[in-house]
Amino acid sequence: MIQLDDLGVSFGKGTRRFDAVRNVTLDIAEGEAFGLVGESGSGKSTVLNAIAGLIGSYSGAIRIDGAPAGPQRTGAQRRLLQMVLQDPYGSLHPRHTIDKILSEPLLIQRLDGIERRVEHALADVGLKPEHRFRFPHQLSGGQRQRVAIARAIILEPRILLLDEPTSALDVSVQAEVLNLLRRLRRERRFTTVMVSHNLAVVAYMCDRVAVMSRGRILETGSSAELAKGGFSHPYSRQLWNASSGYNRDLLKELWDDA
Ligand SMILES: Nc1ncnc2c1ncn2[C@@H]1O[C@H](COP(=O)(O)OP(=O)(O)OP(=O)(O)O)[C@@H](O)[C@H]1O
């Protein structure tokens, strides 16, 4: 269970200080898929980073399973929570092979059976054994994002944080990677919190959605409500309508693929 209680995050000092996140209160249940949607700069990634323990100074409370979260988390607690970012190229070491990229977190956590775990993780995300000794630049964008997902799940986390995990990919590749994430979630039953500006992606991937604007949550509801146009705030409807053409294309790809 992830609980945010009146979370606030500010950046800058003095007259340059501004509130990136204000009064965010949320309960995300064990096993739930939760989505945060909003335009660029609305504060979605800051909320995700705060849950990940990457924000040193905040007001309010962040609890995971009742325990305070933040930079003071232990290594074991950090292992339970993994993150996948938008740009797999930036987050994968360019001079490390895929084998090294996947082995490293296991070595840091002093886990045994590294060979077997790497093999399983590659197969789980649909990569072939021959990809194992390549470098990131020798893979396609979709394959690189599969490596980033493998690196996150290899530690068997209970919570997966996804920050725009497919927005750097072509539409057809997005569909493949989103379906992969859905399958993994079904099989492994982890809790996911996903950030996206794309309402189609969030409606497809998540059980429940919060719409953010200027650092605040405007409203929260189920994805089914969102897809039916059931959100009441004009800003939510505007977001939905603005991307509906793109949504239709992406949703078609997704359902064709599922
Ligand atoms: N480390 C930081 N220092 C200063 N300002 C920051 C920092 N991180 C985020 N911000 C600012 O906080 C605001 C919210 O940023 P955030 O990344 O959370 O938005 P977002 O909704 O995820 O946007 P995007 O979709 O573009 O990533 C923005 O105005 C951003 O410039």
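1. Which residue in β5 does I64 stand opposite? I64 stands opposite A67. Residues are numbered from 1 along each chain as its sequence is written. Please keep in mind that this is a predicted model, in which local features need pLDDT of at least 70 and side-chain atom pairs count only at pLDDT 80 or more, while totals for chains, interfaces and linings use all residues.

2. Strand β4 (residues 59-64) and β5 run antiparallel and are joined by two bridges; strands pair if DSSP finds at least two bridges between them. Helices (H or I, at least four residues) and strands (E, at least two) are DSSP runs, numbered from the N terminus.

3. These strands belong to an open sheet of four, in the order β2-β1-β4-β5, with antiparallel pairing. Because β2 (18-28) and β5 (67-68) stand at the edges with a single partner strand each, one side of each is left without a neighbour in the sheet.

4. Helix α6 (residues 141-153) packs with helix α7 (residues 171-188) at an angle of about 20°, and their axes are 10 Å apart; axes are lines fitted to C-alpha atoms, for helices over the stretch in contact, and angles run from 0 to 180 degrees between N-to-C directions. The angle therefore makes α6 roughly parallel to α7 (angles under 35 degrees count as roughly parallel).

5. The contact includes I149 and I153 of α6, and L180 and L184 of α7, where two residues are in contact if their C-beta atoms, placed from the backbone, lie within 7 Å.

Technical notes. Angles under 35 degrees count as roughly parallel, over 145 as roughly antiparallel, 65 to 115 as roughly perpendicular and the rest as oblique.
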